[in-house]
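The following report describes local and overall features of the structure shown below.

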Amino acid sequence: GAMSREGLIDQARRTVAPAPVRVCVALCASQRSVKSGCQACVTRCPLAAVEFGDHEFTVKDDCTGCGICYAACPSGAVELSYGDDRALGLALRAAVAADPARVARITCEKDARPPRYALVLPCLGRLTEYLVVSALADGASRVEVKLPECEACPMLRGMEAFLQTIDTARALCHLVGRADRLVLVDRFEGAEPGAAAVPPEPAYS
């Protein structure tokens, strides 16, 4: 049967709770080639929680699982316990299917009143082009991303990653004639408030 409102809220809380990060050395560009010099995860982390040396990664205890490193990694070496793009994409698809207007709404955990049918990310720096494009490919009428209020947030550096993702996603949407389907909003108009959509259970323990 349908899950209760309390159950959905509990799932939403678990979605945005701090989550550990793992790095697959076999996929990491900097570990596979000495010429790579890639340090995307290190330079993008707003808390300097990721360090690595020769074939060894350290994720400090102050990692909040914001996911910015996941979005920044060009080789897919970063893993998050609360789900990869596929898991979040499925959650967003479910939210779109449940929304009468079929709008894909994406916001961050700082949003005090997320819509009932929305994907809540720990930080919008976690957003990837895949989530935007796949939502449109799955039949969303448009993708609305609520502009974050980053000024007082410790994840402020995530704004740079977020804006770069939006620029790339817009370019991709333009290529397929859907440039007007990606919209940045200050608030979600006409959206029913409530618990947020969530991905499946953690990918690893």
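Ala48 is partly exposed, with a relative accessible area of 43%; buried denotes under 20% relative accessible area, exposed over 50%, and partly exposed the range in between, with a 1.4 Å probe and protein chains only. The residue Ala48 belongs to the loop between helix 3 and strand 2 (50-53), where helices (H or I, at least four residues) and strands (E, at least two) are DSSP runs numbered from the N terminus. The phi angle of Ala48 is near 50°, a positive value in a residue other than glycine. Arg102 likewise is a residue other than glycine with a positive phi, near 55°. Arg102 is situated in the loop between helix 5 and strand 5 and counts as partly exposed at 33% relative accessibility.

The model is predicted: local features require pLDDT of at least 70 and side-chain atom pairs count only at pLDDT 80 or more, whereas totals for chains, interfaces and linings use all residues. Residues are numbered from 1 along each chain as its sequence is written, and side-chain values use heavy atoms, with hydrogens and water left out.

Strand 5 (residues 103-108) is largely enclosed by the rest of the structure, because six of its six residues are buried. Val103, Arg105 and Thr107 point one way from the strand, while Ala104, Ile106 and Cys108 point the other way. Two strands are taken to pair if DSSP finds at least two bridges between them. Strand 5 runs parallel to strand 7 (residues 142-146) and is joined to strand 7 by four bridges; Arg105 stands opposite Glu144 in strand 7. Strand 5 also pairs with strand 6 (residues 119-121) in the parallel sense, over three bridges. Within strand 6, Leu121 is the bridge partner of Cys108.

**Salt bridges**

How many salt bridges does the structure hold? It holds nine, a salt bridge being a side-chain nitrogen of Lys or Arg within 4 Å of a carboxyl oxygen of Asp or Glu. The table lists some of them.

| Glu51 | Lys60 | 3.1 Å |

Asp85 lies in helix 5 and Arg126 in the loop between strand 6 and helix 6 (129-137), so the pair ties together parts that are 41 residues apart in sequence. Asp85 counts as buried at 11% relative accessibility, and Arg126 is buried with a relative accessible area of 0%. In the pair of Glu51 and Lys60, Glu51 is partly exposed at a relative accessible area of 41%, and Lys60 is partly exposed at 32%.

**Cavities**

A search of the whole structure finds three cavities of 30 Å³ or more. A cavity is a set of points, on a 1 Å grid over the protein atoms alone, where a 1.4 Å probe fits but cannot get out; lining residues have an atom within 4 Å of a point. Grid points are joined across faces, edges and corners, and a volume is the space filled by probe spheres set on the points. The largest cavity has a volume of about 110 Å³. It is lined by 14 residues, of which Cys28, Cys38, Cys41, Cys73 and Pro74 are the closest to its centre. Helix 2 (29-32) and helix 3 (40-44) are the elements that give two or more residues to this lining.

Val133, Leu172, Leu175 and Val176 make a nonpolar surface patch of about 370 Å². Patches consist of residues with over 30% relative accessible area and no salt bridge, nonpolar side chains (Val, Leu, Ile, Met, Phe, Trp, Tyr) being joined within 5 Å and like charges within 9 Å. Accessible areas come from the Shrake-Rupley method with a 1.4 Å probe; for residues, only the protein chains shown count as cover. Val176 is exposed, with a relative accessible area of 60%, and is placed in the loop between helix 7 (158-175) and strand 8 (182-185).

Leu90 is in helix 5 (residues 85-98) and counts as partly exposed at 33% relative accessibility. The C-alpha atoms of Leu90 and Leu131 are separated by 9.4 Å, the two residues being 41 residues apart along the chain.

Definitions and conventions
On a 1 Å grid over the protein atoms alone, a cavity is a set of points where a 1.4 Å probe fits but cannot get out, and a pocket is an open set with protein on both sides within 12 Å along at least five of seven lines; lining residues have an atom within 4 Å of a point.
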